[in-house]
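Please read them with the structure open beside you.

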Amino acid sequence: MAMIVILAYDVSADSRRTRLAAALESWGYRIQESVFQLRLEDGELDEVRERVNDIIDSRDDVVHIYPLCANCLGRAEVQGTAPALDDGGLYRGVW
């Protein structure tokens with residue numbers, strides 16, 4: 001069963017930030033400049049953690065990972081203008 005994860009990061013170097021964003025796009029889509037929503041199958045969260053740790057410099061960068069339980073996801077809200085799911089700039093065929 002897929003789980004939804006919100007991942008936010010502050011990465012100081014452009015090259016690491018670009019590599020991290022590119023890696024995250026394979027699991028989800030960008031909802032803010034440095035915030036991604038990921039849809040992960042069982043076991044993929046560990047894969048994401050490993051990939052993040054391979055890319056970031058833990059002395060300079062920070063990554064927050066928030067798995068959402070089904071109850072929390074059901075209470076989630078988007079206010080304002082939400083991007084369309086087919087917006088190619090934000091969504092890269094993941095959904």
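1. The buried residues of helix α1 pack against β1, β2, β3, α2 and β4, where contact means heavy atoms within 4.5 Å. Helices (H or I, at least four residues) and strands (E, at least two) are DSSP runs, numbered from the N terminus.

2. This is a predicted model, in which local features need pLDDT of at least 70 and side-chain atom pairs count only at pLDDT 80 or more, while totals for chains, interfaces and linings use all residues. Residues are numbered from 1 along each chain as its sequence is written, and side-chain values use heavy atoms, with hydrogens and water left out.

3. The buried residues of α1 are Arg-16, Leu-20, Ala-21, Ala-23 and Leu-24, buried being under 20% relative accessible area, exposed over 50%, and partly exposed in between (1.4 Å probe, protein chains only). Seen down the axis of α1, these residues fall within an arc of 160 degrees, so they line one face of the helix; the arc is that of the directions from the helix axis to the C-beta atoms. On the other side of α1, Asp-14, Ser-15 and Thr-18 are exposed.

4. The open sheet has 4 strands in the order β2-β3-β1-β4, with antiparallel pairing, where two strands pair if DSSP finds at least two bridges between them. Its edge strands, β2 (28-32) and β4 (62-68), each pair on one side only.

5. Strands β1 (residues 3-10) and β3 (residues 35-40) are paired in the antiparallel sense over 6 bridges, and Ala-8 stands opposite Val-35 in β3.
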